[in-house]
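Please read them with the structure open.

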Amino acid sequence: MRSLLLLSAALLVGAAPPKPLTPTDIVNAAPKSVWKQVPSDDLLVMDLQNGSRVVMQLAPQFAPVHVANIRALARGNYWDGATIYRVQDAYVVQWGQNDSEKGFPAGVVAKPPAEYTRPFKGLAVKPLGHDDSYAPHAGFVDGWPIAYSPKGNWANLAHCYGSVGVGRDLSPDTGTGGELYAAINPLRHLDRNIAVVGRIIDGMANLSSLPRGTEALGFYKDKSMYVPIAKVRLASSMREAERPAYEYMDTQSASFAKYLKLRANRHDDFYIRPAGGVDLCNVSPPVRRKG
């Protein structure tokens with residue numbers, strides 16, 4: 001009996017400490033109940049002629065008129081023959097018709113309001129818990145990273161990596177949604193100056209890896225360099241068998257709270273000491289493809 005006790009004690013003394021959890025561990029262990037499906041009418045699928053695909057999630061709760069325009073443009077096949085014509089290093093990839101003579105499909109509002117912010121009132125926010133350089137507060141709503149001011153009663157989608165915004169001319173022009181861009185770097189200085197209508201949730205590498213434009217602001221020098229777009233569709237317009245489906249982690253869930261805490265306090269092998277803080281754009285709410 002004594003030998004067994006001594007052996008057990010030795011095993012306990014020699015046992016390796018438990019491996020620290022990583023943010024990926026939290027995502028992989030998250031129960032099914034914390035995942036929310038993205039509505040198919042909020043998924044914009046862009047197929048390039050080179051065979052690659054980019055999928056965007058739209059945010060009608062933040063830019064309802066612009067998103068309605070984008071849906072109408074997609075249903076009206078507005079982007080047939082469109083191209084990617086601008087890739088500015090560490091800034092944006094921009095695409096669209098860039099053709100003022102092309103008419104808009106029915107239902108498109110030619111001069112949308114400036115949907116650069118929305119009222120804060122009514123939003124259920126999960127606070128970031130750390131200071132933000134661009135707003136009084138930052139946090140998450142329904143899977144989206146936002147900046148906000150309860151006192152000023154405004155909130156905006158943050159320009160993080162993969163954010164999709166509406167190309168526009170100088171104010172008072174607000175853009176229709178016919179020209180869009182994706183941020184290939186956090187661009188928080190654009191917050192509250194441009195309508196952010198969504199984010200890339202799949203295929204961002206197919207944009208960020210494109211050759212950089214050599215002209216001013218990253219525009220391609222001539223049309224031979226343009227990247228042709230085969231088609232842009234809403235997932236809701238695709239056949240069910242072809243329709244992609246995605247879900248995001250509920251940012252009000254206990255799983256996301258653990259994920260957020262670990263993003264700010266990394267204890268896994270590479271990290272000598274935790275940072276004790278995290279930037280809003282470094283906590284991308286997890287999204288995964290179903291199936």
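1. The largest cavity in this predicted model has a volume of about 60 Å³. A search of the whole structure finds one cavity of 30 Å³ or more. Its lining is made up of Phe62, Glu115, Tyr116, Thr117, Arg118, Ala155, Asn156, Leu157, Ile194 and Val196. By residue class, the lining of the largest cavity divides into six nonpolar, two polar and two charged residues. Strand 9, residues 154-157, gives the most to this lining, with three residues.

2. The second largest pocket has a volume of about 380 Å³. It is lined by 23 residues, of which Tyr161, Gly162, Arg199, Ile200 and Ser284 are the closest to its centre. Which strand supplies the largest share of the lining of the second largest pocket? Strand 12 does, with five residues. Strand 8 (144-149) and strand 12 (196-202) each supply at least two residues of that lining. Sorted by class, the lining of the second largest pocket holds 16 nonpolar, five polar and two charged residues.

3. On the overall fold, the chain has five helices and 15 strands. Eight of the strands form a closed barrel in the order 2-3-12-10-11-5-4-13, with antiparallel pairing. Neighbouring strands of this sheet are turned by 35° against each other on average, direction ignored.

4. Strand 11 deserves a separate look. Is strand 11 largely enclosed or largely open? Four of its five residues (179-183) are buried, so strand 11 is largely enclosed by the rest of the structure. On one pairing, strand 11 is joined to strand 5 (residues 92-96) by five bridges, and the two run antiparallel. Within that pairing, Trp95 has Leu180 of strand 11 as its bridge partner. On another pairing, strand 10 (residues 163-166) and strand 11 also run antiparallel and are joined by three bridges. Here Gly165 stands opposite Tyr181 in strand 11. As a general point for reading such pairings, side chains in a regular strand alternate between the two faces of the sheet.

5. Strand 4 (residues 83-87) is joined to strand 5 by four bridges, and these strands run antiparallel. Thr83 lies in strand 4 and stands opposite Gly96 in strand 5. With a relative accessible area of 16%, Thr83 falls under the 20% cut-off and therefore counts as buried. Not counting residues up to four places away in sequence, Thr83 touches Gln94, Trp95, Gly96, Tyr226, Val227, Pro228 and Ile229. One of these contacts, Trp95, is the residue that has Leu180 of strand 11 as its bridge partner.

6. Strand 14 (residues 246-249) has pairings with strand 1 and strand 15. Strand 1 (residues 35-37) and strand 14 pair in the antiparallel sense over three bridges, and Trp35 has Met249 of strand 14 as its bridge partner. Strand 14 and strand 15 (residues 287-289) likewise pair in the antiparallel sense over three bridges, with Tyr246 opposite Arg289 in strand 15.

7. Asn265 is found in the loop between helix 5 (254-264) and strand 15. Leaving aside neighbours within four places in sequence, Asn265 is in contact with Pro274 and Gly276. Asn265 and Thr22 are 243 residues apart in sequence, but their C-alpha atoms are 9.6 Å apart in space.

8. Last, some figures for the chain as a whole. Of its 291 residues, 49% count as buried. Among contacts between residues at least 6 apart in sequence, 71% join residues at least 24 apart. The C-alpha trace of the chain spans about 90 × 45 × 40 Å along its principal axes.

Methods. Residues numbered from 1 in each chain as written. Predicted model: local features only at pLDDT ≥ 70, side-chain atom pairs only at ≥ 80, totals over all residues. Heavy atoms only, no water. 1 Å grid on protein atoms, 1.4 Å probe; cavity = no way out; pocket = protein on both sides within 12 Å on 5 of 7 lines; lining within 4 Å. Points joined across faces, edges and corners; volume = space filled by probe spheres on them. Nonpolar A, V, L, I, M, F, W, Y, C, P; charged D, E, K, R; others polar. Buried < 20%, exposed > 50% of the residue type's maximum accessible area, 1.4 Å probe, protein only. Pairing = 2+ DSSP bridges. Axes fitted to C-alpha atoms, helices over the stretch in contact; angles between N-to-C directions. Contact = heavy atoms within 4.5 Å.
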